[in-house]
Amino acid sequence: MSRLLGLDIGEKRIGVAVSDPGRRVATPLTVLDAARVRADARELIRLIDQYEASGLIVGLPLTLSGEEGPQARRVRESIGRLAQFLPVPVSFVDERLTSSEAGRRMREAGLTEKQQRGSKDMVAAAILLQAYLDESHEEHDDAEADGGANTR
């Protein structure tokens, strides 16, 4: 398997997380300037190449009712403009409440709001990527269990 990168796209910053090669664990990686990435995808492409990522998992900020609102449309538009330059496929995942969850975890770790400012986005990216990895492994494990019952 190969790594995946998770992106939490905001107006000002893009949080980036990376999975391990076995796609079991997501780790916060960095925060990119959103305006710079929207203008020139090379910084993001460098991360894809550096970590030999085979895909991007992008958080889609759905409304609490599960619908796509203006913020989700902005994320889709941003990725749509970048996708033509990206060397890997892009998948979207529901990222509802990841930023607030990241803030909660960082507060529990003793960080103030000011200390969180530079890293909350990459922690949110790790949370959404981890949720994707967990769901993928559950689906894979379920498929193996169903197939395994027939082969033994």
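**Notes on the predicted model: sheet, cores and pocket**

1. Starting with the sheet: Arg 13 has Asp 33 of S3 as its bridge partner. This is a predicted model, so read the points below as computed from it.

2. On to the S1 side of S2. S1 and S2 are also antiparallel, with five bridges joining them, and Gly 6 sits opposite Ala 17 in S2. The link from S1 to S2 is again a hairpin, through three residues. Buried or exposed, what are most residues of S2? Six of its seven residues are buried, so S2 is largely enclosed by the rest of the structure.

3. Now the packing. The largest nonpolar core has 24 residues, and those touching the most other members are Leu 5, Leu 7, Ile 14, Leu 44, Ile 48 and Leu 56. At least two residues of this core come from each of S1 (3-9), S2 (13-19), H1 (34-39), H2 (42-50), S4 (53-60) and H3 (70-83).

4. Leu 5 deserves a look on your screen. Setting aside neighbours within four places in sequence, Leu 5 is in contact with Val 16, Ala 17, Val 18, Leu 29, Leu 47, Ile 48, Ala 53, Gly 55, Leu 56, Ile 57 and Leu 129.

5. The largest pocket holds about 310 Å³ of space. Fifteen residues line it, and the closest to its centre are Asp 8, Gly 10, Gln 71, Glu 95 and Ser 99. S1 and H4 are the elements giving two or more residues to the lining. By type, the lining splits into seven charged, four polar and four nonpolar residues.

6. Last, Glu 95, one of the residues closest to the pocket centre. Where is Glu 95 found? Glu 95 lies in the loop between strand S5 (90-94) and helix H4 (98-108). With a relative accessible area of 8%, Glu 95 falls under the 20% cut-off, so Glu 95 counts as buried. Neighbours within four places in sequence aside, Glu 95 is in contact with Asp 8, Gly 59, Leu 60, Pro 61 and Leu 128. Asp 8 in that list is also among the residues closest to the centre of the largest pocket.

Conventions. Residues are numbered from 1 along each chain as its sequence is written. This is a predicted model: local features need pLDDT of at least 70, side-chain atom pairs count only at pLDDT 80 or more; totals for chains, interfaces and linings use all residues. Side-chain values use heavy atoms; hydrogens and water are left out. A nonpolar core is a set of buried Ala, Val, Leu, Ile, Met, Phe, Trp, Tyr and Cys residues joined through side-chain atoms within 4.5 Å. Buried means under 20% relative accessible area, exposed over 50%, partly exposed in between (1.4 Å probe, protein chains only). Helices (H or I, at least four residues) and strands (E, at least two) are DSSP runs, numbered from the N terminus. Contact means heavy atoms within 4.5 Å. Two strands pair if DSSP finds at least two bridges between them. On a 1 Å grid over the protein atoms alone, a cavity is a set of points where a 1.4 Å probe fits but cannot get out, and a pocket is an open set with protein on both sides within 12 Å along at least five of seven lines; lining residues have an atom within 4 Å of a point. Grid points are joined across faces, edges and corners, and a volume is the space filled by probe spheres set on the points. Ala, Val, Leu, Ile, Met, Phe, Trp, Tyr, Cys and Pro count as nonpolar, Asp, Glu, Lys and Arg as charged, and the others, Gly among them, as polar.
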